[in-house]
Amino acid sequence: MTSERLAQQKEFIQRKLETCKQFDKYGLTLVDTNSVIISSLMGELRNIVLNFFKGGLYSIKKCEHCGTEQSKQFERAHNKGMSRSQVALSALSRIRPDETKSVKQSSFIKAFIEEHTNHPLWILCKECHKKYDAKV
C-alpha cells in the first residue's frame, strides 16, 4: 500500500468519524483483561470493519493486488503485519494502558477504527484474499 493510499484511508476515517453514529449502540463497560475483551469481540470487530469502511474509496470495485474489476466479491483485508486482533490490542492498549481500569465499549470500538489510520486495510478480490491469507 502506498503512503498516498494510507493517507486517503486516514482522511476517510477522520471524515466519517465526525458524523458517525455507529458507536452509539455500544453501551457496555468492559472490565476484563485486554486479551479477553478482544477475543470476546472479534466477531463484532469484523462486522464494524465491514460496516464502517463503506463508501468513498471503499466503493471502488477493483482489487488492490491483481487489479481485476471482474470479481463478484471484493473483501477488506488487514495487513499481515498487523492482523485485526493486533490492531484491536494496539487500540485498547493505547486507551487503556492499565487493565485494572474499566473502559467503555464504545470508546474501544471507536479507538479500533481510529487505529486503522496507521494500518492498511486492503480491498482484494476473493481469490487474492484467499492467496494472501494462505501465504506463510
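Modeller: Before we start, a pocket here is an open set of grid points with protein on both sides within 12 Å along at least five of seven lines, and lining residues have an atom within 4 Å of a point. Also, this is a predicted model.

Colleague: Okay. Which residues lie nearest the centre of the largest pocket?

Modeller: R76, A77, H78, R84 and H129 do, out of 17 residues that line the largest pocket.

Colleague: And which elements give two or more residues to that lining?

Modeller: Those are α2 (34–52), β2 (74–78) and α5 (126–134). The largest share, 5 residues, comes from β2.

Colleague: How much space lies in the largest pocket?

Modeller: About 320 Å³.

Colleague: What is the lining like by class?

Modeller: The lining of the largest pocket has 6 nonpolar, 5 polar and 6 charged residues.

Colleague: Changing topic: at what angle do helix α3 and helix α4 cross?

Modeller: The axes of α3 (residues 84–95) and α4 (residues 105–115) cross at roughly 120°, and they come within 8 Å. Because of that angle, α3 counts as oblique to α4.

Colleague: Is the crossing left-handed or right-handed?

Modeller: α3 passes α4 in a right-handed crossing.

Colleague: Which residues make the contact?

Modeller: From α3, they are R84, V87, A88, S90, A91, L92, R94 and I95. From α4, they are S107, F108, A111, F112, E114 and E115.

Colleague: How many of those are nonpolar, polar or charged?

Modeller: The contact of α3 with α4 has 8 nonpolar, 2 polar and 4 charged residues.

Terms used: Residues are numbered from 1 along each chain as its sequence is written. This is a predicted model: local features need pLDDT of at least 70, side-chain atom pairs count only at pLDDT 80 or more; totals for chains, interfaces and linings use all residues. Side-chain values use heavy atoms; hydrogens and water are left out. On a 1 Å grid over the protein atoms alone, a cavity is a set of points where a 1.4 Å probe fits but cannot get out, and a pocket is an open set with protein on both sides within 12 Å along at least five of seven lines; lining residues have an atom within 4 Å of a point. Grid points are joined across faces, edges and corners, and a volume is the space filled by probe spheres set on the points. Helices (H or I, at least four residues) and strands (E, at least two) are DSSP runs, numbered from the N terminus. Ala, Val, Leu, Ile, Met, Phe, Trp, Tyr, Cys and Pro count as nonpolar, Asp, Glu, Lys and Arg as charged, and the others, Gly among them, as polar. Axes are lines fitted to C-alpha atoms, for helices over the stretch in contact, and angles run from 0 to 180 degrees between N-to-C directions. Angles under 35 degrees count as roughly parallel, over 145 as roughly antiparallel, 65 to 115 as roughly perpendicular and the rest as oblique. A crossing is left-handed if the near helix is turned anticlockwise from the far one by less than a right angle, and right-handed if clockwise. Contact means heavy atoms within 4.5 Å.
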